[in-house]
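Biologist: I would like to learn how to read a model of this kind, feature by feature. Could you give me the general idea each time and then show me the case at hand?

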Amino acid sequence: MTLQNGDVRLRPLVLPDDINSAVIWYQDPEVLYYSEGGAGAVPYDADKVERMYNYLLNKGEVFIIEVQTTDGWFSIGDVALCTDCLPIEIGIGQYRSMGIGGKVLDLIVDYAKSQRRDRLLINGIYTFNERSRRLYESRGFSALETYVDDDGNECIRMELELH
């Protein structure tokens, strides 16, 4: 099922077709810093991207984030809707801080409600990732707890009640 909000849409992940685009995103130092826990994160290769997507597909649904351009729809990132996580990745820098993440999150929340889910959980956002924290808070997510992960990073677990 494809979900759309104006010039942003989410389409289901297609393996192996979407791997090459994603490899570019997961080699971006900013993506790695905020999604993998700091400056020591190692860039993903195609094999690691495929393993990540298969892991997420076993836990829920994965969508490719696309934006409408003059040349058609263009893939810029991904989002996964799982029972314990909701990672949103805008993989191309020029599309960050433009409100796309908010549109993506609105689409996912509406979709989760249509599935009659009770709540959405975010297992952990690094406390230094203020942009992500503000995004989730702007849509009503609240912090459940703060904890330190296995790599020593402080994280916030969040949830959104959907009823």
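Biologist: Is arginine 96 buried or exposed?

Modeller: Arginine 96 is buried, with a relative accessible area of 12%, where buried means under 20% relative accessible area, exposed means over 50%, and partly exposed covers what lies in between, with a 1.4 Å probe and protein chains only. This is a predicted model, in which local features need pLDDT of at least 70 and side-chain atom pairs count only at pLDDT 80 or more, while totals for chains, interfaces and linings use all residues. Residues are numbered from 1 along each chain as its sequence is written, and side-chain values use heavy atoms, with hydrogens and water left out.

Biologist: Which side chain meets that of arginine 96 in a salt bridge?

Modeller: The general idea is that side chains of opposite charge can pair when their charged atoms come close. Here a salt bridge is a side-chain nitrogen of Lys or Arg within 4 Å of a carboxyl oxygen of Asp or Glu, and arginine 96 forms one with glutamate 30, at 2.9 Å from N to O. The two residues lie 66 residues apart, arginine 96 in the loop between β5 (88-90) and α4, glutamate 30 in helix α2 (residues 29-36), and the pair thus links distant parts of the chain; helices (H or I, at least four residues) and strands (E, at least two) are DSSP runs, numbered from the N terminus. Glutamate 30 counts as partly exposed, at 31% relative accessibility.

Biologist: How many salt bridges does a search of the whole structure find?

Modeller: That search finds 15. One of them joins arginine 119 to glutamate 159, whose closest N and O atoms are 2.9 Å apart; because arginine 119 lies in strand β6 and glutamate 159 in strand β8, the pair ties together parts that are 40 residues apart in sequence. Glutamate 159 is buried, at 12% relative accessible area, whereas arginine 119 is partly exposed, at 41%. Another salt bridge brings together the side chains of arginine 133 and glutamate 130, at 3.9 Å from N to O, and these two, being 3 residues apart in helix α5 (residues 130-138), are separated by about one helical turn. Arginine 133 is partly exposed at 22% relative accessible area, as glutamate 130 is at 41%.

Biologist: Which strands make up the open sheet of 5 strands?

Modeller: Its order is β1-β2-β3-β4-β5, again an antiparallel arrangement. Between β1 and β2 (residues 8-12) there are 3 bridges, and asparagine 5 has valine 8 in β2 as its bridge partner. Helix α4 packs on this sheet, touching β1, β2, β3 (60-69), β4 (72-82) and β5, and its direction makes about 50° with that of β2; contact means heavy atoms within 4.5 Å, and axes are lines fitted to C-alpha atoms, for helices over the stretch in contact, with angles from 0 to 180 degrees between N-to-C directions.

Biologist: Which residues of α4 are buried?

Modeller: Among them are Val104, Leu105, Ile108 and Tyr111, in a helix that spans residues 100-114. Tyrosine 111, at 11% relative accessible area, is in contact with Met1, Leu3, Glu61, Phe63 and Leu81, leaving aside neighbours within four places in sequence.

Biologist: How many residues does the largest nonpolar core have?

Modeller: In soluble globular proteins, nonpolar side chains tend to be buried together. The largest nonpolar core here has 50 residues, with Tyr53, Ile65 and Leu86 making the most contacts inside it. Its largest share, 8 residues, comes from α4. A nonpolar core is a set of buried Ala, Val, Leu, Ile, Met, Phe, Trp, Tyr and Cys residues joined through side-chain atoms within 4.5 Å. Leucine 86 touches residues including Leu105, Ile108, Leu120 and Phe141.

Notes:
The expected span of a helix is 1.5 Å times one less than its number of residues. Two strands pair if DSSP finds at least two bridges between them.
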